[in-house]
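Thanks, everyone; I would like to walk you through one structure today, taking a pocket, a sheet and a loop residue in turn. Please keep the sequence and the model open while I talk.

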Amino acid sequence: MIRSLLPMCLMAQMVSAEVRFENLSDQVPRHVYSGGWEHFVGGGVAVLDCNGDDLPDMAVAGGESAATLMVNQGQMRFVAAPFPELTHTTGIYPLDIDGDGHLDLSVLRVGENILLRGDGSCGFVPANELWGFDGGAAWSTAFSATWMDDGAPLLAIGNYVDRTNPDGPFGTCDTHELHRWTGERFDRSTLAPGFCALSMLIARDASGTSRLRISNDRHYYLRGGSEQMYDLGEDRFLGEQDGWAKLSLWGMGIASRDITGDGRAEVMLTSMGDQLMQIAQPDGTYINAPYTIGTYAQRPHVGDDGRPSTGWHAEFGDIDNDGRADLFIAKGNVDQMPGLAIEDPNSLLLHGPDGRFSEVSVAAGVATTDRSRGAALADLDGDGRLDLVVVNRRAPMEIYRNVSTDTGGWLQLDLRMDGPNSRAIGAVVRVLANGATQIQEVTVGGGHAGGQAGPLHFGLGTADEAAVTVDWPDGTQSQYHLNANSRQVLRP
């Protein structure tokens, strides 16, 4: 399997960057994800350009504290902006729900979930009544969305423990929700069984079919539960007869990216203990990555605490622009669980020329040990290098500027379409440079309690140009020839 990763390395063999980050946490408003046991989980951040100035802004869940909107002023400086007073938030995801071209927000809460309509100038107003959205009263902890073939949006919401069940919390996982747009309102239906979801992602699986993957926390479902895959077209969960192997873990977050160059996306699942990478196979199934790949990150890599790590948000991103997707994992104890590491440093895993990942967070300056939850890799200052945001439980959030030297070239692609699916959710982008192809899909969901709506970032290594192919959600295809070190808005 490791040998199959080598084609991804051809474009990068002349790039040798020194990965470094500068801590600029004092340039964002102080924000802490706070609260009791209902906020042991959650703590996500949404990254989006809410005012069209090409600088990513952030909306951050606050737990019992108020959620905060932080508007980018340039040079990695952020200021708090007016935002609806929302407490008991767990996660926030950006997407254009109504197809008006302005990004909206789906806010997950302990209680009623709220859809916020954006005005394109970083103004947001509650829109549950306007869109006929039933926000319920559950403990919501996971989200994903897509647009169906008829152009209608579909929202998937994952719920955690049923707080109304007197026999809880153990063994009382709540059911989930699907919200389908009917043309006038969202029609809510129940998705069951639920096994305490902490992450959802609608994306193409190893077979190339767009499906809903659900990662579940076995700490509460006890018996009979597992990771789940739901076919939206057939309205059913997959089973062993479909080649879906049963897997149970303390699922926290999902990340998806093709790292082998075969066109099928691998899946990273964070957990208590091992962080599990699944390698997509030609027959549409998955196998667990070998331990030698270096992604399991199962123990703290600094200090003398040998207890297992707890992984939360995972995200792929090319930190050094060498053409290989690296991996960040936010880590931290749930609270004071004695069987797990307390001071658990975050992991930054650099994808090497041999296909293996190596831990560089200490040298890079991001191996902090607060109880991290949500995170994001995004080019916050527009210099072509991915910066880092980390949200912590009961500690201030962190922001880091990527100051790595000798990085490779890059390309950032922002996809737009006319019609209801304005951000081309479901599009697949192929970038060919120096004989190697990278593939990314435009999705909403995954991570832990937060995500991004912005340009796809591709490192190009030593290449100064790239051939780009976009398979649009409507089945059409476009091709482009683009210069390196540029941000492009692409339309069909």
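This is a predicted model: local features need pLDDT of at least 70, side-chain atom pairs count only at pLDDT 80 or more; totals for chains, interfaces and linings use all residues.

Let me begin with what I call a pocket: on a 1 Å grid over the protein atoms alone, it is an open set of points where a 1.4 Å probe fits, with protein on both sides within 12 Å along at least five of seven lines, and lining residues have an atom within 4 Å of a point. The second largest pocket holds about 490 Å³ of space, a volume being the space filled by probe spheres set on the points, which are joined across faces, edges and corners. It is lined by 21 residues, and those closest to its centre are Thr-146, Trp-147, Met-148, Asp-149 and Pro-473.

Residues are numbered from 1 along each chain as its sequence is written, and side-chain values use heavy atoms, leaving out hydrogens and water.

Now the sheet, where strands are DSSP E runs of at least two residues, numbered from the N terminus, and two of them pair if DSSP finds at least two bridges between them. Four strands form an open sheet in the order 6-7-8-9, with antiparallel pairing. Strand 6 (89-95) and strand 9 (124-126) each have a single partner strand, so one side of each is left without a neighbour in the sheet. Strand 6 is joined to strand 7 (residues 104-109) by six bridges, and Thr-89 stands opposite Arg-109.

Finally, Gln-281 lies in the loop between strand 20 (276-280) and strand 21 (286-288). Gln-281 counts as buried because its relative accessibility is 19%, the cut-off being under 20% with a 1.4 Å probe and protein chains only.

Conventions: Buried means under 20% relative accessible area, exposed over 50%, partly exposed in between (1.4 Å probe, protein chains only).
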